[in-house]
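Dear colleague,

Please find below the structure that I am handing over to you. My notes on what was found in it follow directly after.

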There are 2 protein chains.
Amino acid sequence: MSRSQRLLDLIQTMRRYRRPVSGKVLAEETGISIRTLYRDIATLQAQGAHIEGEPGLGYVLRPGFMLPPLMFTEEEIEALVLGSRWVAKQPDNRLSTAARDALNKIAAVLPDDLRESVDTSALLVGPGDGSATDGVDLADVRKAIRNERKLDITYRDGNGSQSSRLIWPFALGFFDKMRVIVAWCELRQDFRHFRTDRLSRLEATDIRYPKRRQVLLQEWRDAQGIAQPR
Amino acid sequence: MSRSQRLLDLIQTMRRYRRPVSGKVLAEETGISIRTLYRDIATLQAQGAHIEGEPGLGYVLRPGFMLPPLMFTEEEIEALVLGSRWVAKQPDNRLSTAARDALNKIAAVLPDDLRESVDTSALLVGPGDGSATDGVDLADVRKAIRNERKLDITYRDGNGSQSSRLIWPFALGFFDKMRVIVAWCELRQDFRHFRTDRLSRLEATDIRYPKRRQVLLQEWRDAQGIAQPR
DNA sequence: ATCACTACTGCCAGAAACTGGCAGCATGCC
DNA sequence: GGCATGCTGCCAGTTTCTGGCAGTAGTGAT
């Protein structure tokens with residue numbers, strides 16, 4: 001196996017373990033010696049991988065995606081830039097910052113002439129709806145979805161009446177003027193949609209909900225009879 | 001210089017020349033022998049770079065962006081996926097296909113577990129406005145903007161009266177329900193915005209307009225007094 | 001047809017890089 | 001202290017890379 005291929009394998013192996021892994025284990029799984037492993041880790045860190053090693057514990061890969069060298073066409077990069085600009089205009093602060101960061105990372109590794117063409121890409125996104133402010137931090141919602149945790153919310157429905165409930169969030173829908181949490185509602189024992197501008201309180205819990213996110217998403221789609229989004 | 005670094009340099013060198021470059025020149029610029037260059041080219045092609053070699057001419061790199069290994073955080077990849085999904089819903093067919101292709105390319109190089117998490121990413125985009133069909137192919141518009149060529153159009157303004165004109169397109173704005181070409185209008189001798197759903201005819205020309213795209217964009221922004229989009 | 005130029009491949013010996021083992025030091029936990 | 005682990009320097013053996021050479025083939029100009 002080539003060295004570069006092995007480096008990517010190393011990352012994948014580290015990701016499989018969620019807990020710290022010792023260098024010895026990593027070396028055995030990839031079939032190399034400990035000494036070489038240390039050198040490989042150093043190489044990966046030099047290339048920007050977020051690997052942390054602690055004596056007595058092992059290695060941890062900070063969550064993230066390592067992409068090998070990749071070729072995009074002009075139109076594909078236009079699409080990525082335009083899409084990121086749209087996300088950057090969304091009211092979700094963490095996410096819009098992430099969109100800008102991703103663009104900057106891409107631009108940073110491009111040669112000068114191409115960086116300029118990304119910066120001045122001619123595809124613009126219309127002004128976002130500034131009035132559509134969410135009552136809560138959507139970053140918490142996305143985190144709860146990623147980790148399959150229940151959310152404790154207070155919601156004001158269409159009639160103006162308030163209620164508190166535990167929900168199992170599994171998707172977040174972005175519409176022109178609002179965002180909607182799609183979740184299983186423990187109060188109603190059914191799927192429910194919650195407009196983020198009608199949430200008056202949102203608290204993340206540590207309680208894992210008992211189904212897989214993908215399963216809930218599929219059941220919800222079946223119930224809605226809507227098409228796949230891709 | 002390490003081999004991997006040299007491979008990226010090769011791509012950048014090829015991009016500097018717009019015309020075909022002979023292997024001899026490339027080898028001299030990167031400081032390696034011809035024999036090694038042929039091996040490097042083969043390696044790059046195996047990694048997906050679109051390099052074409054023709055006997056008697058030289059090598060050409062098909063337009064596109066080669067990204068070196070790159071690390072994204074979870075939130076950044078969520079932003080890229082969400083943005084690409086939004087672009088995929090736009091009425092511009094070529095661009096929405098490009099967005100899907102870019103996503104697939106990213107997914108293809110990820111290990112299995114992460115590919116799944118991209119496929120089932122929980123951030124959805126609301127249904128696009130199906131009624132908003134453009135009268136023309138926006139791919140032509142984007143191409144004209146990229147290459148700084150004049151467009152010959154027939155436009156029906158707000159009052160319903162039709163007119164044909166030559167314009168210098170330099171930006172394309174994406175709004176919730178419509179898309180707008182931003183251009184210098186030869187007829188009015190001023191900046192004008194053209195809603196794509198009001199175009200009844202659009203023809204690309206080979207005539208290059210006499211200003212740089214970036215300059216026009218900057219002058220237009222100054223005239224509008226609008227903020228930078230990033 | 002001929003020539004010049006180029007892409008491309010196989011072969012091989014020397015150069016460079018990689019690898020694994022060893023020894024040693026530092027850090028954190030029990 | 002004892003243990004597990006990260007991390008570094010050194011060195012010899014192995015692997016890979018590299019450059020030169022010879023040869024084949026495609027293209028365009030003359």
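In this predicted model, 63 residues of chain A are in contact with 63 residues of chain B. On the side of chain A that touches chain B, the largest share comes from helix α4 (residues 74–88) of chain A, which supplies 13 residues. That side of chain A comprises 37 nonpolar, 13 polar and 13 charged residues. The two chains are also linked through strand pairing: strand β7 (residues 162–174) of chain A and strand β5 (residues 123–125) of chain B run in the parallel sense and share 3 bridges. Within this pairing, Leu172(A) has Leu123(B) in β5(B) as its bridge partner.

As regards chain A itself, the domain assignment lists domain 1 (3–61), domain 2 (74–119) and domain 3 (138–224). The centres of domain 2 and domain 3 of chain A, taken over C-alpha atoms, are 29 Å apart.

Two helices of chain A deserve a separate note. Helix α1 (residues 3–16) of chain A packs against α3(A) at an angle of about 85°, and their axes are 10 Å apart. Angles of 65 to 115 degrees count as roughly perpendicular, and α1(A) and α3(A) are therefore roughly perpendicular to each other. The contact of these helices includes 4 nonpolar, 1 polar and 2 charged residues. From α1(A), Arg6(A), Leu7(A), Leu10(A) and Ile11(A) take part, and they meet Asp40(A), Thr43(A) and Leu44(A) of α3(A).

I turn now to the DNA. DNA strand D is surrounded by 22 residues, and the closest are Gly23(A), Gly53(A), Ser33(B), Thr36(B) and Gly56(B). The elements giving two or more residues to this surface are α2 (23–30), α3 (34–46), β1 (51–54) and β2 (58–61) of chain A, along with α3 (34–46) of chain B. Of these, α3(A) gives the most, with 4 residues. By class, the surface near DNA strand D has 7 nonpolar, 8 polar and 7 charged residues.

Around DNA strand C there are 21 residues, the closest being Ser33(A), Thr36(A), Pro55(A), Gly23(B) and Gly53(B). Here the elements that contribute two or more residues are α3 of chain A and, from chain B, α2 (23–30), α3, β1 (51–54) and β2 (58–61). The largest share of the surface near DNA strand C, 4 residues, is supplied by α3(B). This surface divides into 7 nonpolar, 8 polar and 6 charged residues.

With kind regards

Definitions and conventions: Residues numbered from 1 in each chain as written. Chains lettered and ligands numbered in written order. Predicted model: local features only at pLDDT ≥ 70, side-chain atom pairs only at ≥ 80, totals over all residues. Near = placed C-beta within 6 Å. Nonpolar A, V, L, I, M, F, W, Y, C, P; charged D, E, K, R; others polar. Axes fitted to C-alpha atoms, helices over the stretch in contact; angles between N-to-C directions. Parallel < 35°, antiparallel > 145°, perpendicular 65-115°, else oblique. Contact = placed C-beta atoms within 7 Å. Domains from an automatic or database assignment. Pairing = 2+ DSSP bridges.
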